[in-house]
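This briefing is meant to be read beside the sequence and the coordinates.

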Amino acid sequence: MSSSELVFPGQSVPAKHVNLKLGPGLQQQASYSDPSESTVVATKAGLLQHSANRSKWWVDSNSRRYVPAPQESVVGAVTQRQGEGYRVDIGGAHQASLDALAFEGATKRNKPNLKVGSLVYARVSLAHKDMEPELECFDAQTRKSEGYGELKGGFIIRCSLKMCRNLLDPKHFLLPLLGSKFPLESAIGMNGRVWISAKEPRQIIAIARCIEATDPDGGGMDAEGVKALLDTLEV
Amino acid sequence: MRPPSPSIPEKEFLNTALKQQLRIDGRSPLEMRTPKLVFGPELGWVDCSMGKTRVIAYVEGKMVKPTPERPYEGVITINSELSPMASSEYEPGRPSEEEVTITRMLDKVIKRSDAVDKESLCILAGQRVWHIRLTLHFLADAGNMLDCACLAGIVALRHFRRPEVEVIGDDEVIHSPLERAPMPLAIHHSPFCFTFAFFADPETPPILDPSQLEQRLSAGTMSIALNAQKEICVLQKLGGVPQDTEEILRLVKVAVTQAKGLSIFVDAQLMADWSTRKVEVR
């Protein structure tokens, strides 16, 4: 699934497919000489990746600043109540808006009551460079919550965006390793925020320290190192 | 943009954990992050980091005419400006509350405590003195930038060497570093700053070297600046959390032991750096 070719912004990418889908870091550009022809260029530096059938292409890199993209799950904090909805800080350049009716089972009469400072796990439903991002806490088709909604208790950890994607990867070692030691709940946002909950504060601190140690932006520790670290934490 | 205050779960978790004497980064309440000092190729350039908090200090010297009120004294100025580089909560232009606190405290710790002998900066009375400028760049804020900035500033001043100047008649001759070894500044003592954070809940113990989250959720802080000789230069308490005399004295004792340790650490780091700068004399 991966080629590991390094691309830089402005570099053209040999992406060609009848049903081509471009992911983050790639842009289609009409060529100057012939407007009917187009090329694909990279807009950020990173490793060029593509799916097995070469239809989906994207650039993989690490960063700390989140840029909202549709259909991504994020963890945000409510900063303000505004009429029929909330303003949510998701770590991007702009605050996102979350409609009070965008929850499972919400009606005009029966709306969830979120306080300023509450945490929500939501999906980005609209992200456009000229508009404020919008969030929703349910699936618009099924109107079910699908795990989204308010996050009660627990703690929030900030990490690099690459670390978030690693945590979402089922093949990554960290969460199974932690899960084998004690039960835990997690909600991983693609915006560099991970919400975790466990029974004991000591365990939450252990998770926080392990995530920080494994973060490729910080410690970059491997499975062996984290095992050794966990043994010193007495959990 | 004003930063959103920490979310409710963060606040609640921090308070429950601190009541059990647990801190998020695994430190004990009165444990400091180990500072890391990196010296640059130039003398007087130091990069000081405590955890993810990072400050660069840079010292330069210039010859100026002294003020008429103090013809025998050199001038020391400190430039410390918080830019949005440290954290997105600082705006360019308007100084934030944090910036004012840091600037005033740096002034007290480094200038008013007479750490640097100003009279030794005089070259020719009333005509020429050294103007020492200390510039601090705040690169990342992960809490307690004050202690980090004080440490960076004092280490940079001790690392700095000024060129030797000779006065012949009414002329002064500046010797380049290749001719004569540059001189260190005359430093009387090295004050270090330690910040404690207090919480509104009386059951929560005071903590040393607060992280960004701890600092934001604290109800008040106390900064003690002192040197390894147990001389307190500044004691500043912000926020209204009443404390017993005994408690304050206990924290001062903690700061004394920390200052001794930090002083040995800084001496060792400066020595190690100096040994790499051996100059061959012909």
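Predicted model: local features only at pLDDT ≥ 70, side-chain atom pairs only at ≥ 80, totals over all residues.

**Chain A overall**

- Chain A contains four helices and 16 strands, and its C-alpha trace spans about 65 × 55 × 30 Å along the principal axes.
- Of the 235 residues in chain A, 43% count as buried.
- When contacts in chain A between residues at least 6 apart in sequence are considered, 62% of them join residues at least 24 apart.

- The side chain of A:Gln95 is joined to the side chain of A:Thr79 by a polar contact of 2.8 Å.
- Once neighbours within four places in sequence are set aside, A:Gln95 is in contact with A:Thr79, A:Arg87, A:Val88, A:Asp89, A:Glu132 and A:Pro133.

**A:Ile196, in a strand**

- A:Ile196 belongs to strand S16 (residues 193-198) of chain A, and it counts as buried because its relative accessibility is 0%.
- Although A:Ile196 and A:Gly154 are 42 residues apart in sequence, their C-alpha atoms are 5.5 Å apart in space.
- Leaving out neighbours within four places in sequence, the residues in contact with A:Ile196 include A:Gly154, A:Phe155 and A:Ile157, together with A:Glu185 and A:Ser186, and also A:Ile204, A:Ile207 and A:Ala208.

**Where chain A meets chain B**

- The contact between the two chains involves 21 residues of chain A and 15 residues of chain B.
- Chain A and chain B bury about 1,500 Å² between them, and 71% of this area lies on carbon and sulfur atoms.
- On the side of chain A, the residues that lose the most area to chain B are A:Phe155, A:Pro201 and A:Ile205, which together account for 35% of what that side buries.
- The count of salt bridges between chain A and chain B is one: A:Arg158 pairs with B:Glu10, with the closest N and O atoms 3.1 Å apart.
- Two residue pairs are found in polar contact across the interface of chain A and chain B, both at pLDDT 80 or more.
- Strand S8 (73-82), strand S14 (155-158) and helix H3 (201-214) of chain A each supply at least two residues to the side that touches chain B, and H3(A) gives the most to that side, with seven residues.
- Sorted by class, the side of chain A that touches chain B has 10 nonpolar, five polar and six charged residues.

**Annotation of chain B**

- An unreviewed UniProt entry places the feature "domain: Exoribonuclease phosphorolytic" at residues 43-163 and 190-256 of chain B.
- Over residues 43-163, chain B is 26% helix and 36% strand, and the C-alpha atoms at the ends are 11 Å apart.
- Over residues 190-256, chain B is 27% helix and 34% strand, with the end C-alpha atoms 13 Å apart.

Definitions and conventions. Residues numbered from 1 in each chain as written. Chains lettered and ligands numbered in written order. Heavy atoms only, no water. Contact = heavy atoms within 4.5 Å. Buried area = accessible area lost by both parts, 1.4 Å probe. Salt bridge = Lys/Arg side-chain N within 4 Å of Asp/Glu carboxyl O. Polar contact = N/O pair within 3.5 Å; in protein donor to acceptor, adjacent residues only side chain to side chain. Nonpolar A, V, L, I, M, F, W, Y, C, P; charged D, E, K, R; others polar. Buried < 20%, exposed > 50% of the residue type's maximum accessible area, 1.4 Å probe, protein only. UniProt positions renumbered as here; feature names shortened; annotations may be inferred.
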